[in-house]
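Here are some exercises to work through with the structure open beside you. Try each one before reading its solution.

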Amino acid sequence: MQTFKEGKASISFGQETFFNPKMKQLRDISVSFLNSVDIGEGKAIDATAASGIRGIRYYLETGCKDITFVDIDREVCAIMKKNIKANKVRGTVACQSFQDFANTCNEKFDVVDLDPFGTPSPFVYDALKICKSGTIIMVTATDTAVLCGAQKLACSKMYASVPLHNELCHEAGLRILINYVLRNAAQYDFGIDVLLSIADMHYMRVFIKLDRGAKKAFESVRNVGFVDYCNSCHDFKTTIGLAPEESRKCEYCSADMERAGPMWLGKLRDKRITRDIANDKGRMLDDYGLKLIRQIDSELETPFFYSIPMLTKYLKISSVSTNDVIAELGKKFAVSQTSFDKFGLKTDARISDILKAVKKVAKDR
Ligand SMILES: C[S@@+](CC[C@H](N)C(=O)[O-])C[C@H]1O[C@@H](n2cnc3c(N)ncnc32)[C@H](O)[C@@H]1O
Ligand SMILES: [Zn+2]
């Protein structure tokens, strides 16, 4: 048995319990996030709790006052109960599958945390049964190979979407995950407000607020569509709607475009929340976490980005500095870096202007 301190929690775990110390960063961000949003009465559920670390930290470090811990594994639950007691947390433990729990539970929660192994896909539909208007639902996916298109058919099976497998795959994966939550939420007449979305290391995680009402659901569904990607010049084009016309040719270089979706094409974060987390009042985040959140905060809201090495490759010229291209483009267009690619930029400029800027930077070098 090992004992580990993280935030205000002290937890023990043995061979039987999943615990990844590297996920501290994401747990820190989750704590900071919960301190930046309205969580109503603070009734929270840690739906795949393992050691209970999330629920325990939410109790000790956020406004969450009443925590339900669920895990399907008996041995894991025994350890979790000890951790809950040792940290003096007010909460209950349900040692059963989350799906069974949600189908027999007649309570609603303010905060729902889904952090399973691999894909969250088989949890989302049932999770919505214990949600109400205003519920914050946080969903982790570690099946990033699936969401990033290494296994295209697997993504269709789990998320009913076609993914990309190129430099845009992390952003596309997040948008597919959001669309999946929305797909399930909309049938219960919930709309979604995407407050924060992160793709980093081996995970993707979305933080979504649910809003009850058929009108809200319709509004959200209007943000779903496809992206067409050009494998030749690396331009892309997004189209709202579930029945877009036949796959198109690239307007710039006339090559056939690759289509991915359906996926969420709306915003990926709420700036009030990212600012709040970035201010880091509780000194919660380490340098890495702070940098990540600040990066997400400062990004343009436009879907997708251009990766400069892909463009220099297309132009058959040697590499140029992304910052120089940003400075050049910034003279005329809105432009920002992106958390999805350190050599990437988001902009409202068209591919012809971007390529012009890249060429200018290369010439002036
Ligand atoms: C990735 S771990 C959770 C890690 C934890 N949230 C943390 O931050 O350390 C996933 C847990 O989900 C549990 N689990 C798997 N299937 C489940 C199900 N259908 N219902 C509830 N728990 C489940 C596993 O036993 C495992 O302990
Ligand atoms: Zn093209």
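A salt bridge here is a side-chain nitrogen of Lys or Arg within 4 Å of a carboxyl oxygen of Asp or Glu. The model is a predicted one, where local features need pLDDT of at least 70, side-chain atom pairs count only at pLDDT 80 or more, and totals for chains, interfaces and linings use all residues. Residues are numbered from 1 along each chain as its sequence is written, chains are lettered from A and ligands numbered from 1 in the order in which they are written, and side-chain values use heavy atoms, with hydrogens and water left out.

**Exercise 1.** Find which residues form salt bridges with R57, and state whether R57 is buried or exposed.

*Solution.*
Step 1: E61 pairs with R57, their closest N and O atoms being 2.8 Å apart. Both residues belong to helix α2, 4 residues apart, or about one turn of the helix; helices are DSSP runs (H or I, at least four residues) and strands likewise (E, at least two), numbered from the N terminus.
Step 2: D28 also meets R57 in a salt bridge, at 2.9 Å from N to O. This pair joins distant parts of the chain, as D28 sits in helix α1 (residues 24-34) and R57 in helix α2 (residues 53-61), 29 residues apart.
Step 3: R57 counts as buried because its relative accessibility is 1% (buried means under 20% relative accessible area, exposed over 50%, partly exposed in between, with a 1.4 Å probe and protein chains only). D28, at 2%, is buried too.
Step 4: Put together, E6, K24, R27, D28, R57 and E61 are linked in a network of salt bridges.

**Exercise 2.** Work out which atoms coordinate the zinc ion (ligand 2) and why the arrangement is called tetrahedral.

*Solution.*
Step 1: List the donors (N, O and S atoms within 2.8 Å of the metal, or 3.2 Å for Na, K and Ca; water is not among the atoms, so sites may look incomplete). They are the SG atoms of C230, C233, C250 and C253, at 2.2 to 2.4 Å.
Step 2: Check the angles. The 4 donor atoms subtend 99 to 118°, which makes the site tetrahedral; for four donors that label requires all angles between 85 and 135 degrees.
Step 3: Read the spacing along the chain, which is C-x2-C-x16-C-x2-C. C233 lies in the loop between β10 (224-230) and β11 (236-240), while C250 lies in the loop between β11 and β12 (257-264), 17 residues away.
Step 4: Finish with accessibility: C233 and C250 are both buried.

Terms used. Four donors count as tetrahedral if all angles lie between 85 and 135 degrees; four count as square planar and six as octahedral if opposite donors are over 155 degrees apart and all others between 65 and 115; anything else is irregular.
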